[in-house]
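Let's take a walk through this structure together, one neighbourhood at a time. Have the model open and follow along.

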Amino acid sequence: MTPAWPPRYDAAWLPAPEAEHWAPELECAKPAEREAVILGKLRAQVQWAWERSPFYRRAWEAAGVSPATLRTLADLRRFPVIQKADLRAAQAAHPPFGDYLCIAPGEVARIHGTSGTTGRPTVFGVGRDDWERIGEAHARILWGAGIRPGDTVLVASFFSLYLGSWGALKGCERLGATAFPFGAGLPGQTLMAVQWARDLAPTAFYGTPSYALHFAETARREGIEPRAFGLRTLFFSGEPGAGIPATKRLIEETFGGRCIDMGSMAEMTPWMTNAECRHRTGMHLWQDLVYTEVCDPATWQPVPYGDEGTPVYTHLERTSQPMIRLVSGDVARWTDEPCPCGRTYPRLPHGLYGRLDDMFIVRGENVYPSAIEDVLRAIDGFGGEFSVIVSRREAMDELLVRAEHAGDVADGPARVRLAQTMKDRLRARLGVTPIVELVSPGTLPRTEFKARRVVDDRDLYRQGTGRDGERHVRP
Ligand SMILES: [Zn+2]
């Protein structure tokens with residue numbers, strides 16, 4: 001018998017507070033048994049798109065595949081991948097939602113989108129039932145992170161087109177926690193958030209990692225020690241920081257709570273389906289909600305566990321704008337080694353540590369900004385913010401790392417030693433000798449959203465930006 005699709009969930013269901021899992025029969029299932037469930041959902045999802053979306057039908061007919069192709073889960077890899085550029089082109093030709101909208105436009109309950117700072121924005125149309133399922137998925141994942149109905153969750157991120165904050169809010173509400181949707185981005189709002197947090201004593205925090213650190217600096221300027229807020233859990237998306245070991249450690253030492261890494265892509269909402277559990281062993285792939293393959297970017301075939309590739313995502317319960325094999329462009333390694341939580345999902349043990357188009361090559365070495373962040377944050381005397389400038393001088397690449405020193409590093413020999421330590425450790429990690437320039441604390445820009453830390457001056461003569469509004473831009 002084919003299970004009912006799209007699934008309907010019992011809106012009243014809650015596990016006992018001491019339970020580790022929301023849906024142990026799925027989260028802890030033997031992978032082969034769970035894959036049978038996933039295959040059933042996938043077939044229904046693909047059939048749904050085949051019948052309703054000219055976009056998918058065109059692409060699949062050209063590739064010689066159809067819903068009948070899906071005899072096993074592995075048959076999914078015969079389907080072509082789609083890229084964000086394909087979605088933008090479909091929306092340009094069929095505005096506003098593109099010809100991959102699989103519900104009537106009148107059934108769209110929420111409109112969101114990307115900011116589109118470097119190109120055409122992408123419009124997301126989310127159906128009402130989808131929005132409920134997104135809440136259910138996020139509640140289940142937040143439960144895994146240790147959030148419980150007794151928590152008060154400070155959502156310190158933009159409430160705008162950006163989906164992340166809304167998804168966190170919806171998940172908190174479904175889970176029965178107290179939501180504190182404070183937002184971010186208005187002048188003076190960080191200081192206000194600090195004052196409200198002091199008075200309201202939230203136990204959980206959502207935002208970006210760089211914003212959490214900015215929030216902590218603002219608190220300290222107000223004479224409030226960030227640990228005094230009493231945050232037990234801080235969960236993040238939008239940036240790789242919460243998965244970068246030194247940044248994770250810094251956030252946990254600063255706030256005294258658990259730092260949990262989450263996030264995939266706004267197109268993939270529920271976007272928390274890459275998410276760490278409270279044990280923080282790297283993000284689990286919650287495969288029965290969104291099915292993820294970590295693929296070789298040359299062939300789009302899954303790589304073996306242990307190898308590196310780019311996540312390719314497939315919705316399993318999305319009626320409005322299903323994404324079937326959407327390329328993320330992020331870079332991750334995946335593993336099926338067990339986690340103490342008992343979930344049998346594969347994991348990304350080092351998170352999403354780079355982007356295919358974020359990586360820059362300096363003198364033949366692949367460099368990810370997250371590696372530079374990891375090195376600097378582990379050094380005593382680093383002041384908290386940095387920027388990277390790559391340029392070309394007399395046909396040679398030059399890597400300049402401009403880093404703040406901490407306020408208590410004295411002028412003179414101490415600073416020379418600090419710069420030398422940074423240079424040595426960066427060279428050891430990156431395989432490239434950088435120029436390190438120390439600047440005073442607080443001189444580099446802070447962000448309330450995604451940090452933009454890399455400027456590649458060699459780009460000046462190149463066409464295009466490549467990265468969908470998220471490309472590191474020239475200041
Ligand atoms: Zn786990």
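We begin with a pair of helices in this predicted model. Helix 9 (residues 245–255) packs against helix 10 (residues 369–377) with an axis-to-axis distance of 7 Å and an angle of about 50 degrees. Angles under 35 degrees would count as roughly parallel and those from 65 to 115 as roughly perpendicular, so helix 9 and helix 10 are oblique to each other. On the helix 9 side, the contact is made by P245, A246, T247 and L250, while helix 10 brings E373, D374 and R377. Sorted by class, that contact has three nonpolar, one polar and three charged residues.

Now stay with helix 9 and look at the strands it links. Strand 6 (residues 233–236) pairs with strand 7 in the parallel sense, over four bridges. Within this pairing, T233 stands opposite R258 of strand 7. Helix 9 lies on the path of the chain from strand 6 to strand 7, giving a β-α-β crossover that is right-handed.

Strand 8 is joined by two bridges to strand 9 (residues 283–285), and the two run antiparallel. There, N274 has L285 of strand 9 as its bridge partner.

Methods:
Residues numbered from 1 in each chain as written. Predicted model: local features only at pLDDT ≥ 70, side-chain atom pairs only at ≥ 80, totals over all residues. Pairing = 2+ DSSP bridges. Axes fitted to C-alpha atoms, helices over the stretch in contact; angles between N-to-C directions. Parallel < 35°, antiparallel > 145°, perpendicular 65-115°, else oblique. Contact = placed C-beta atoms within 7 Å. Nonpolar A, V, L, I, M, F, W, Y, C, P; charged D, E, K, R; others polar. Right-handed = clockwise from strand over helix to strand, strands pointing away.
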